[in-house]
There are 2 protein chains.
Amino acid sequence: MFNLLKKHIAARVSLTDEEFETCCSYFVPKNLKKHQFFLMEGEVCKQIAFVTKGCLRAYSVDARGVEHVLQFAIEDWWISDPLSFLTGAPSTYTIDVLEDSSVLLLDKPAREEMMIAVPMMERVFRLLQEAHLVATHRRITESLSLSAEERYTRFLETYPKLTERISQGQIASYLGITPQSLSRIRKDRSRKA
Amino acid sequence: MFNLLKKHIAARVSLTDEEFETCCSYFVPKNLKKHQFFLMEGEVCKQIAFVTKGCLRAYSVDARGVEHVLQFAIEDWWISDPLSFLTGAPSTYTIDVLEDSSVLLLDKPAREEMMIAVPMMERVFRLLQEAHLVATHRRITESLSLSAEERYTRFLETYPKLTERISQGQIASYLGITPQSLSRIRKDRSRKA
DNA sequence: CGCGGGTTTGATGATGCTCAAGCCCGGTGG
DNA sequence: CCACCGGGCTTGAGCATCATCAAACCCGCG
C-alpha cells in the first residue's frame, strides 16, 4: 500500500523508517471506481491524492461544453487542484477516475501536522511544487511555439507510460486538438516511419 | 521610491511603519535602460524585481528563432524566473526592458532574512505565488479553449493598462499569433463596433 | 528629407475544425 | 452462436482560422 509512497519520498529526501511510518499515519487510503468523481467543479479541493494504482484526470469545461484536460495522474503521481487546496477557493476543475484506482489522501490539517512532525516533508512538497511550476511553464511555452504534431511527439517522449493507457480522445483533449485531428496526425507519422 | 511597494504590501497584509522600513532595507533600487537585459537565457536568476516605473518582459526563443512572450511587468508587478530563482537552475527565459525602468531588486539571501525579520512577508510571497499559479493555469486553459480573437479580448479586459503601452507585435507574441493576424483581428473588431 | 520601426493590407497556403459517414471490436441479449 | 448495439477510432469533404511572403504605408526622428 505505502511502498510506492516510500520510494516516491526516498527519491527526494532521506527519512528514517520511523519518520516514514509517521508520515504514513497522516494519509487515508481510498479506492475509487472508474467514472467516479474525485472533485467536482465548484467544490473546494479538500485533499490531495497520491495515486498508487490506476489513473485519474483533471479537466475544465469551456463555454461550448468542450472538456480540456489539464493533467493525468497514474501511479507515483499526485493530483489535486493546488490552488483550491491552498486557498480554499472553489475549484474550476473537475477530477474524475479513468481506471479503477487506489489513492492515498492527505487533507490540509494532516499535511500541516505532518510537516511539523517530519520537517523533511516540507522539502518534498516544495520540490513537488517546483516540478509542477516547471511543467506548467513548459506547457505554456510549447503551446505557443509548437504545432499539434510536435506537441504530440513531445507528449509521447515525455509521458510514454501514459500513451499506452489513455484513449486517444483524452490525449487529443490534453493537446488542445480534436480526436479527428490526432487520428490524422498519427496516420501521417506512421506513413513517414 | 518605496511608496508603490508600500501600497503593494499594504494591499495584502498590515505592517507597522517600522516593519515596512525593515523590509525596504533588503531591497536594492536600480534603474534600467530600454533594451537592456535583466536576465539572459542560460543565466541563473539571482534576484526578483519589483517594478516601480517602466516596463519589462520575459520571453523564450523557440527552435525557429521566434520569440514568445511569457509575461509583461509594469508598475506594481514583479518579474523574475521563479523557477531559476528558487532552484538555482539556469533560466530558459530572457528578461529585457521595454521602457526605461526603475526596479527594486531582492536576492535570495535578502529575501530569506526579510522573512525572518518580518514574518508577515512570508504571507505576501505566498499570496504572490498563488496569484502566479492562478494566472498560469488560466493561461493554459484559455490557450486550449479560446480563439485568437477571444484571447485578445480577454487580454484587453484583464490587462487594460498594458494595452496602451505595449506594441501590438509584443501583444501578438504573448497571444501566440503573428503581428499580421493581430492587425486583422483588430480591424474586424473595429468594423463590428 | 530619408531612414527605420511598427503596422496594415493583399494573396496564397497550411493547419486544424466541423459535419457526416463508415469502421472496428468488445459486450449483451435473444 | 450470432445479431445487434455502442464507443472509440478513422476517413472524407468542405470550411474557418491563422501563417507566410511580400509590399505598401505611416510616422517619429536624426
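Predicted model: local features only at pLDDT ≥ 70, side-chain atom pairs only at ≥ 80, totals over all residues.
I superposed chain A on chain B first: a rotation of 180 degrees with 0.0 Å of shift along its axis does it, at an RMSD of 0.0 Å. That is how a two-fold axis relates two copies.

Next I asked which residue of chain A comes closest to the rotation axis. A:Ile140 does, with its C-alpha at 3.1 Å. The same surface serves both copies, since 100% of the contact residues of chain A recur in chain B.

Then I looked at the contact itself. Chain A puts in 21 residues and chain B puts in 21 residues.

Last, I went through backbone angles. Most residues other than glycine have a negative phi, so I noted the exceptions below.

- B:His35 has phi near 75 degrees, a positive value in a residue other than glycine. I placed B:His35 in the loop between β1 (28-32) and β2 (37-39) of chain B. B:His35 counts as exposed because it has 10 C-beta neighbours inside 10 Å, and the cut-off for exposed is 12 or fewer.
- B:Asp76 also has a positive phi, near 80 degrees. B:Asp76 sits in the loop between β4 (67-73) and β5 (78-79) of chain B. With 14 C-beta neighbours inside 10 Å, B:Asp76 counts as partly exposed.

Note on methods:
Residues numbered from 1 in each chain as written. Chains lettered and ligands numbered in written order. Least-squares fit on C-alpha atoms with pLDDT ≥ 70 in both. Contact = placed C-beta atoms within 7 Å. Helix = DSSP H or I, 4+ residues; strand = E, 2+ residues; numbered from the N terminus. Buried ≥ 20, exposed ≤ 12 C-beta atoms within 10 Å, placed from the backbone.
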